[in-house]
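Subject: Structure handover

Hello,

Here is the structure I promised to pass on. Please open it first, then read my notes below.

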Amino acid sequence: MADEANRSAFIEIQGRIIETTGKLKQVQTQIRNKETEKKRAYLTLEELKQLSEDTNTYKSIEPKTVLMNEQEQKLKDSETAIASLQTSKEYLEKHMEEVENNLRELLQQDPGLARQIMTMSVA
């Protein structure tokens, strides 16, 4: 009976590890995307700063100030999103650590389960 309970606990922990790993990868991808967006906005702003104020830009023939404001907003939005995503990433990393510790404890409690798992993964 305890054997079955440990096996069920292992399956639950394994599912949580898979779920958390997926969420963590998703957050890391979102962070990379926002970093790219932030860099693009920053580089665009740097180029726009070199133009005279009366220069029309290509986005749809807008004054420079309109485009600069848009890029500054994108930069701020990206920074805010990155900060939020970093918080999510840290939470998920801590959660993953807890789940891994739970798994370690379970395997230490029941060495037989660890052997069964090893034979399942080899087969």
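**A loop residue to begin with**

L51 sits in the loop that links α1 to β1 (56-57). Helices (H or I, at least four residues) and strands (E, at least two) are DSSP runs, numbered from the N terminus. L51 counts as partly exposed because its relative accessibility is 35%. The classes are these: buried is under 20% relative accessible area, exposed is over 50%, and partly exposed lies in between (1.4 Å probe, protein chains only). Leaving out residues up to four places away in sequence, L51 touches T57 and K64. A contact means heavy atoms within 4.5 Å. L51 and K64 are 13 residues apart along the chain, and their C-alpha atoms are separated by 7.9 Å.

**How to read the numbers**

This is a predicted model, in which local features need pLDDT of at least 70, side-chain atom pairs count only at pLDDT 80 or more, and totals for chains, interfaces and linings use all residues. Residues are numbered from 1 along each chain as its sequence is written, and side-chain values use heavy atoms, with hydrogens and water left out.

**The overall picture**

The protein has three helices and two strands. Their order from the N terminus is α-β-β-α-α. The C-alpha trace spans about 80 × 25 × 20 Å along its principal axes. The radius of gyration is 25 Å, whereas a compact globule of 123 residues would have one near 14 Å. That radius is taken over C-alpha atoms, and the globule rule is 2.2 Å times the number of residues to the power 0.38.

Buried residues make up 24% of the 123 residues. Look next at contacts with a separation of 6 or more: 68% of them join residues 24 or more positions apart.

**The nonpolar cores**

Which residues make up the largest nonpolar core? There are seven: F10, I13, V99, L103, L106, L113 and I117. The largest share, three residues, comes from α2. A nonpolar core here is a set of buried Ala, Val, Leu, Ile, Met, Phe, Trp, Tyr and Cys residues joined through side-chain atoms within 4.5 Å. In soluble globular proteins, nonpolar side chains tend to be buried together.

V99 is one of the core residues. Leaving aside neighbours within four places in sequence, V99 is in contact with I13, R16 and I17. A second, separate core has six residues, including L45, L67, M68 and L75.

D110 lies in the loop between α2 (64-109) and α3 (111-122). Is D110 buried or exposed? D110 counts as buried, because its relative accessibility is 10%. Beyond four places in sequence, D110 touches D3 and N6.

N6 is in helix α1. N6 also counts as buried, because its relative accessibility is 16%. With residues up to four places away left out, N6 touches L106, D110 and L113. L106 and L113 belong to the largest nonpolar core.

**One last pair**

E100 is in helix α2. E100 counts as partly exposed, because its relative accessibility is 34%. E100 and Q14 are 86 residues apart in sequence. In space they are 9.1 Å apart, C-alpha to C-alpha.

Best wishes
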